[in-house]
Amino acid sequence: MAFEPVLTKGIGELDLVDIEVYEKQGGYQALRKALKQMTPEDVHAEVKKANLRGRGGAGFPAGVKWGFLPDDGRPRYLCCNADESEPGTFNNKMLIEYNPHLLIEGILLAAYATKAAQSFIYIRGEFKRGYDVLVKALAQAKAKGYVGDNILGTGFSQEITVHRGAGAYICGEETGLLSSLEGGRGEPRLKPPFPAVSGLYGMPTVVNNVETLCNVPFIVDRGADWFLSIGTEKSPGTKIFSVSGMVRRPGNYELPLGVTLRELLEEHAGGLLPGRTLKAVQPGGASSPVLLPEHLDLPLDFDSVPAAGSILGTAGVIVFDNTVCMVRTALYYAEFFSHESCGQCTPCREGTAWTARILRRIERGEGTMHDLEVLRSLKEKMSGTTICLLSDFSITFLQSVLTHFADEFEAHVRGKACGVHSLEVRSA
Amino acid sequence: MSTPAWVEKRKQDIEEIIGRYPQKRSAMMPLLHLAQEERGWIADEDVEAIAEILGVSKSLVESVCSFYSLFYRRPMGKYVITVCGNIACGLSGAAELTRYLEQRLGIKVGETTPDGLITLLVTGECIAACDGAPALQVNLEYCGNVTFERADEIIELIKKGEDPAAISDRFGIPPVKAL
C-alpha cells in the first residue's frame, strides 16, 4: 500500500485555504478535543511522548523545548518561524500557501500547551502571497471563534499576529528572528540565555518551525502512538523533503523519516536527467556537507545522516550531477553567506567575505595552491568563534567538497578545465 | 522635511499595526512596509515619520531599514522583477535568464527602464521556489520555470499593466508535480 501523506494530504486537490473545506477534512477537531477534553499539560505530554523533533533544521524535540519555559509568572510568547530561507528548502511555503489552517491549528495547540500570552508568525518578506493567505485565513478562523477571545467558549484566548520580514536570511536563526520581531536589525544574540528563558521582549519564548507546528494537530487528534508508528524509532513521523537541482521532478515529497535517498530521488523525484550520472547530494540545505553516490541507500533521518557525515537539516535535498562544477557551486554559497552575514562578529563578517573572494579567483583560474590551504584552514577560524552558527555553517559544504572533489579545485588553480567546464569558454 | 501623506491617510492602519504588539517598537517593520506600499520605496521623510510615530531616533529607523534587502531606499519601477540567483536557479540557467532580461529590457541589473515601468534585480537569497527553477518574482509574486519565451510573455503582461498576482496565477509553480 502506498504511504499516505499527512501534512500535505489534499494539497493540489482540495481548496484547503477555505476554512469550510478544511473543517470538512476534520480540521479544527484537534483544537476542539484539546480545549474540551485535555489540559495544557496533557497536550504537552502527548507531544513530548511523540518525540516530535524540530523540522526547522536542528531536530530538537519540541516537547522538550516547551518544557524549558520557566514557570515564573512572566508572560510567555510563541513564535512560529516561517522565515524559510535555507537554500533548497521550500516546504513551509507550500504548507502556508495551501494549508494555512493546519498551521493556525498547530499554533493554537502549541500556545495552549505552553500557556502562551500571544503567538506570532514571522514570515519572510518574499512570501507576500503566503502573508496574504495567512491574514485571510486568520480572519476566517476568528469569525468561526477559533482565534481571539474565549475560543469555542472554553475561556482559552489567543491572538496570532503575522509579522512580515523583509529579506534577511539570518532572521531564520531564532534569536535573529526575535531581534527582528522586536523592531531591530535581525542580529542574533548570544546564548545562553536561550529564548525559553529570555526571548521576545526578554520573556520566556518558544520558537518552532512551520512544519513542526503542523504536526501537532495530528498528534493531538490521533495520539502519540500513531505518530510513533511512522518513520524510525528515533525520528518518528513524516518529513516533507524539498528536492531540487538536477532531477526530473523537483518538488516537495512528504515521506516517512528514514526513507532512503535512493527511493526519494528515483521513485519520487523522477531520477536524474537523461544521460547524467549522480555526483553528489546535499541532504539538508546549503550548509549540509555532501553525500556521495555510495550513500544512496542511506535512510534520511535525524541520526543516520549525521552518522554518514552530513546533516538532515531542513531536508532541502539538492542534487548535483556530472555537469555541475563543485568550485562554482562552492562559490555560489560563499557569495550567499557573505551577503547574509549580519556583520556582528569579525570571523563571520570577514571570513565569509574572504572565502568568497578566494573562491572567485580560484574559479577564474587565478588561484594558488596556497589559497586551497587557506580554505582548508577555515574551520579553526570560523567554527565556534561567533554568536550564531552562520559562520560555522558557511564553510561546512566547502570543507566537504574540498575533501571529495579536491581534483576539481586543483584543476581550477592550474587554470585548466576541471572536467566539467572549460575555463576559457566560461570566462569569455 | 514635510510629513508624508500616508501618515494621515493611513492613520487607522497605523494604530491597528501598533495595537498588534505588546511593545510599540515591534511596529517598525510593518510601518516600513506600509510606507513602501504607499510610495514604492522609502524616502527620508518616511524614515523621519516612522521615527516620530515610534518615538525612536531616525538613525535607528535608518539602521533597521538598511539591514533588509526588501526595503528600497531609492525609487523603483512600477514593477520590480527579481531573479533568484541561488543554487537551484543557478543550476537551471538563472544567469542566462538574467542576461536575457537585461538585453530584452535594455537595462542592467539594478536599473529601471527609462519609462519607470520595470526595475530588474537579482537576489542571492534563495526565494524558496527551487521546484520552479529558474524562478523570479514580479513585485514578490512568483513565476516559475521561466524560459526565455515565458519571460517574454511576462514582460508583455507587465506592459499591459497586468496585476502581478494575476501574472503569478498564470506562471506560478504548482504545488504538486505531474507524474
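**View 1. A:Glu20 and A:Lys144 meet in a salt bridge in this predicted model.** The N to O distance between the two side chains is 3.3 Å; a salt bridge here is a side-chain nitrogen of Lys or Arg within 4 Å of a carboxyl oxygen of Asp or Glu. A:Glu20 sits in helix 1 (residues 19-24) and A:Lys144 in the loop between helix 7 (128-143) and strand 3 (160-164) of chain A, so the pair ties together parts that are 124 residues apart in sequence. Helices (H or I, at least four residues) and strands (E, at least two) are DSSP runs, numbered from the N terminus. Over all chains, the whole structure holds 46 salt bridges.

A note on reading these views: residues are numbered from 1 along each chain as its sequence is written, and chains are lettered from A and ligands numbered from 1 in the order in which they are written. Local features need pLDDT of at least 70 and side-chain atom pairs count only at pLDDT 80 or more, while totals for chains, interfaces and linings use all residues; side-chain values use heavy atoms, with hydrogens and water left out.

**View 2. A:Asn150 has a positive phi.** Its phi is near 50°, and the residue is one other than glycine. Look for A:Asn150 in the loop between helix 7 and strand 3 of chain A.

**View 3. Cis peptide bonds join A:Lys191 to A:Pro192 and A:Pro192 to A:Pro193.** Omega is about -5° for the bond between A:Lys191 and A:Pro192, and about 5° for the bond between A:Pro192 and A:Pro193. A:Pro192 lies in the loop between helix 8 (174-181) and strand 4 (205-209) of chain A, and A:Pro193 also belongs to the loop between helix 8 and strand 4.

**View 4. Domain 1 of chain A touches domain 3 of chain A.** An automatic or database domain assignment gives chain A domain 1 (19-228), domain 2 (238-321) and domain 3 (326-414). Here 11 residues of domain 1 are in contact with 9 residues of domain 3, contact meaning heavy atoms within 4.5 Å. Together the two domains bury about 850 Å², 72% of it on carbon and sulfur atoms; buried area is the accessible area (1.4 Å probe) that two parts lose on being put together, summed over both. A:Tyr169, A:Ile170 and A:Pro188 supply 52% of the area that domain 1 buries against domain 3, more than any other three residues. Between these domains the count is 0 salt bridges.

**View 5. Chain A meets chain B, with A:Glu182 and B:Arg25 in a salt bridge.** The closest N and O atoms of A:Glu182 and B:Arg25 are 3.7 Å apart, and the interface has 5 salt bridges. Helix 13 (residues 326-340) of chain A gives the most to the side of chain A that touches chain B, with 5 residues. In total, 60 residues of chain A are in contact with 46 residues of chain B, and the two chains bury about 4,200 Å² between them, 57% of it on carbon and sulfur atoms.

**View 6. Residues 424-428 of chain A have pLDDT under 50.** For this stretch the model has 5 contacts beyond four places in sequence. pLDDT is the predictor's confidence in each residue, from 0 to 100. Chain A has a mean pLDDT of 95, with 98% of its residues at 70 or more.
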